[in-house]
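Trainee: I am new to this one. Could you walk me through it?

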There are 2 protein chains.
Amino acid sequence: MKSDTKFLIVGLGLIGGCYARRLTALGHRVCALDTDPDAIAYALEEGIIARGAAMDEALVREADVVIFGLYPKALLAWLRAHQGALRPGALLTDVSGVKCGVVDEVQSFLRPDVEFVGAHPMAGREVSGVRNSDARIFQDANFLITPTARNTKAAVDAVHELAEILGFARISVLTPKAHDEMVGFLSQLTHVIAMSLMNCNDNPDLAAYTGDSFRDLTRIARINDRMWSELFLLNREVLVRQIDAFSAELAAVRQDLIDQDEADLRERMRRSTARRALFDKERRPT
Amino acid sequence: MKSDTKFLIVGLGLIGGCYARRLTALGHRVCALDTDPDAIAYALEEGIIARGAAMDEALVREADVVIFGLYPKALLAWLRAHQGALRPGALLTDVSGVKCGVVDEVQSFLRPDVEFVGAHPMAGREVSGVRNSDARIFQDANFLITPTARNTKAAVDAVHELAEILGFARISVLTPKAHDEMVGFLSQLTHVIAMSLMNCNDNPDLAAYTGDSFRDLTRIARINDRMWSELFLLNREVLVRQIDAFSAELAAVRQDLIDQDEADLRERMRRSTARRALFDKERRPT
């Protein structure tokens, strides 16, 4: 990434804020667009962006790299309305948690002289907004790039380099479909489980008795309903399939309890233990 | 707890080891029985017990307080075999994660001149054995005492005091039945969920793509199969009911996805967010 590369963040929330902080710290010119005047005012005060506005075509025109920190529907709407202002040759990328329905859709109507490469930084917090942004959440995190046949190697490499300078620990390239399958399991199913666990028992005294297990499993039950409902519904076919696979496993454990089948129960526990141990070992690349 | 109170730990595993470390550090005489010679040898070398053996009736006879760090079935078997060696007036307590089927059973055959008060320190690690014991796991943890009508106030108070000197953050008293109901939800259901999530997808590349959500939800998928299968089966009626309540909530989310019912999905997310926020606030007593 050249030192004079100019960035524009469209949608200055938690993740957009992290990008802005990190890229500004690296010496780049970073501007931002957000319909929330408070987000822009805060970012200007903090010095994490050079300029900002609700909309300013001059900022769009000057940007070499445009990073969309918007939800999928808002991203599509913004591009349809404003793609005319992009400079020829601009590189566009995003941060959204679903890729089918975003990447294909954008590429179907995008001007041929700019390029969009889908990306998904696998990092987040249980709070939202630029005021809570902190680029340290990228440090041990994975970054997924989801190119299609319409993308050039140069653009994919540039997004790879962007992920590197943002500080991500492991960067992977996969198709939008493989991404949505994986994320439907690793991220969306886990959120469905956490919210279901939190909602299925209304005993008000839980906190007095709990251990760490319940705290761990419900941390992500604090969920941004606007964002996650949009992501869930965009990926609903995958997510329903993942819920069904998980439910089948849960039902098998239940049946072991009914049958008092200690041997099968222990076999399932040994399997999960072995798989989790492998997972620990592979958590950090060496 | 008087300074000359003598403790005996029967079953010197992870939790028994934590008790031994802490009580020895407080200046008490702490001895231990364990059928694993390595556990005893290690604890003697480390100076966390004064004496130890596989079985030594002299150590049983001298103990004012006997703490069972055994699994429920082993606890019952030990007491049936060796209760004759206990000193009159001895206080017995345990650490096991299920209370019905343990407390009632013990009290049904126990000598009338000694007293057993059920207890459950809500702390643990994903590893086992005295070599992994570390009394710091008690620091922010909850401690549950489960007396019955057969217990005296003095004995319950003594176990309360024991929990205090062990360093637990919050000590609660409830019936064995209420305990098993609560633990069936907070601890057992969460372990069933974690192992089911770990086992329901055999993609070997998961680790390369995951975020923190999946790591959090599967931490406890590393599970001691001998201990947890025993606890699950002892509490199977409660646990099956908890699985069913959770499954019903999961099915409702699934139906929202099928129906594309964004309003209901968001309502469920807002409910889980509100409940989890309350939970955070109440996590530490002030």
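Mentor: Gladly! Let us begin with A:Asp212, which counts as partly exposed at 46% relative accessibility. Keep in mind that this is a predicted model.

Trainee: Which residue forms a salt bridge with A:Asp212?

Mentor: For a salt bridge we look for a side-chain nitrogen of Lys or Arg within 4 Å of a carboxyl oxygen of Asp or Glu. Here the closest N and O atoms are 3.2 Å apart. The partner is A:Arg215.

Trainee: How many residues apart are A:Arg215 and A:Asp212 in helix α9?

Mentor: Helix α9 of chain A covers residues 212-218, and both partners lie in it. They are separated by about one helical turn, because their spacing is three residues.

Trainee: Is A:Arg215 buried or exposed?

Mentor: The cut-off for buried is under 20% relative accessible area. A:Arg215 has 7% relative accessibility, so A:Arg215 counts as buried.

Trainee: Moving to chain B, which residue meets B:Arg131 in a salt bridge?

Mentor: The N to O distance of this pair is 2.9 Å. The pair links distant parts of the chain, 93 residues apart: B:Arg131 is in the loop between β6 (115-122) and β7 (142-146), and its partner is in helix α2 (residues 37-46).

Trainee: What is the N to O distance between B:Arg136 and B:Asp134?

Mentor: B:Arg136 is exposed, with a relative accessible area of 58%. Its side chain meets that of B:Asp134 in a salt bridge, at 2.7 Å.

Trainee: How many salt bridges are there over all chains?

Mentor: Some of them share partners: one network joins A:Asp225, B:Glu262, B:Arg266, B:Glu267 and B:Arg270. Over all chains, the count comes to 42.

Trainee: What relation do the two chains have?

Mentor: Two copies of a chain are related by a rotation about an axis and a shift along it. Here a rotation of 180° with 0.0 Å of shift superposes chain B on chain A, with an RMSD of 0.0 Å. That is the relation of a two-fold axis.

Trainee: Which residue of chain B comes closest to the rotation axis?

Mentor: We go by the C-alpha atom, and the distance is 2.5 Å. The residue is B:Leu217.

Trainee: Through what do the copies meet?

Mentor: Compare the interface residues of chain B with those of chain A: 100% of them are also interface residues in chain A. The copies therefore meet through the same surface.

Technical notes: Residues numbered from 1 in each chain as written. Chains lettered and ligands numbered in written order. Predicted model: local features only at pLDDT ≥ 70, side-chain atom pairs only at ≥ 80, totals over all residues. Heavy atoms only, no water. Helix = DSSP H or I, 4+ residues; strand = E, 2+ residues; numbered from the N terminus. Buried < 20%, exposed > 50% of the residue type's maximum accessible area, 1.4 Å probe, protein only. Least-squares fit on C-alpha atoms with pLDDT ≥ 70 in both. Contact = heavy atoms within 4.5 Å.
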